[in-house]
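Biologist: I have a structure to look at with you. Shall we work through it by question and answer?

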Amino acid sequence: MITFENVHVVYPNGFKGLNDISLTIEQGEFVAIIGLSGAGKSTLIRAVNGLVPYTDGTLTVGDTVVDPRNKAKLRRLRSRVGMIFQQFNNVGRISVLNNVLIGRSAMTPTWRSLLGWYRPEDREIAFQSLERVGIVDKAYNRAAALSGGQQQRVAIARVIAQDPEVILADEPVASLDPPTARRVLGDLRRIQSELGITCVVNMHHLDLARDYADRIIGMRDGEVVFDGPTAEATDAVIQEVYQRPLSQEDVVEGAQ
Ligand SMILES: Nc1ncnc2c1ncn2[C@@H]1O[C@H](COP(=O)(O)OP(=O)(O)OP(=O)(O)O)[C@@H](O)[C@H]1O
């Protein structure tokens, strides 16, 4: 469970990134965060794992209060909270398997990680993670040699190898073509549901949010202006969030 209680983020230049956010995300929920560019979606997601330090209020993940100033506590928190980025963040020159094994590094003594001497059980977990995303046959390929969709699957496999309670995904399919975006998001949805992982995903495209999320949170100017089940996020509600009519750019093309 993730809880925001009156959370504020003020950036060092004085800009208010989040303004008094209070909400609870239950274990196992798949939540899409929507809003126009600059609404505060990334700030909200990144506050959860301390990538953006919140400046007031209380943010908790499970029983742990996120404390951006306590580096050791933050490291432990990040081992429970996986993150997926738009640009995949794989190490291109090493194998897919070794990229996924990086997800085991929090549970591995540093000397073993540095030498690449992962335990057989960690390798087994990495292979199982690659099986879940359907690319176990690519285990020994260089990550950079894969397609965009496959690279994002490597990132998903790395995160699930971490055995996280929470996955945060910042525009995870924004770099992919529409059919691939749907397949990758479908994989993420299936896996989080099978494993009961809480998933919070920033989305640019409204149709993807509606098709894959249980719940939609709409943001504007650092505030939550809609929060409800996906079925309640009607066009009228979203137009109110965006403060403009919906347009073609709000949906991913080539829906299948
Ligand atoms: N380090 C920073 N310093 C000052 N302002 C920042 C910083 N990072 C983000 N902001 C501002 O905070 C606001 C929210 O940014 P954020 O990246 O969370 O928005 P977003 O909804 O994710 O937008 P996008 O869809 O474009 O990524 C924006 O106005 C942005 O310019």
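Modeller: Start with one term: two strands pair if DSSP finds at least two bridges between them. Keep in mind that this model is predicted.

Biologist: How many bridges join strand β1 to strand β4?
Modeller: β1 covers residues 2-10 and β4 covers residues 56-61. The two strands run antiparallel. Within this pair, I2 stands opposite V61. The number of bridges joining β1 to β4 is five.

Biologist: Which residue in β5 stands opposite V61?
Modeller: β4 is also joined to β5, residues 64-65, by two bridges. These strands run antiparallel and form a hairpin with two residues between them. In the turn, G62 has a positive phi of about 60°. The residue in β5 opposite V61 is T64.

Biologist: Is L168 buried or exposed?
Modeller: L168 is found in strand β7, residues 166-170. The cut-off for buried is 20 or more other C-beta atoms within 10 Å. L168 has 27 C-beta neighbours inside 10 Å, so it counts as buried.

Biologist: How far apart in space are L168 and A181, C-alpha to C-alpha?
Modeller: In sequence, L168 and A181 are 13 residues apart. In space, their C-alpha to C-alpha distance is 17 Å.

How values were computed
Residues are numbered from 1 along each chain as its sequence is written. This is a predicted model: local features need pLDDT of at least 70, side-chain atom pairs count only at pLDDT 80 or more; totals for chains, interfaces and linings use all residues. Helices (H or I, at least four residues) and strands (E, at least two) are DSSP runs, numbered from the N terminus. A residue is buried if 20 or more other C-beta atoms lie within 10 Å of its own, exposed if 12 or fewer, and partly exposed in between; C-beta atoms are placed from the backbone.
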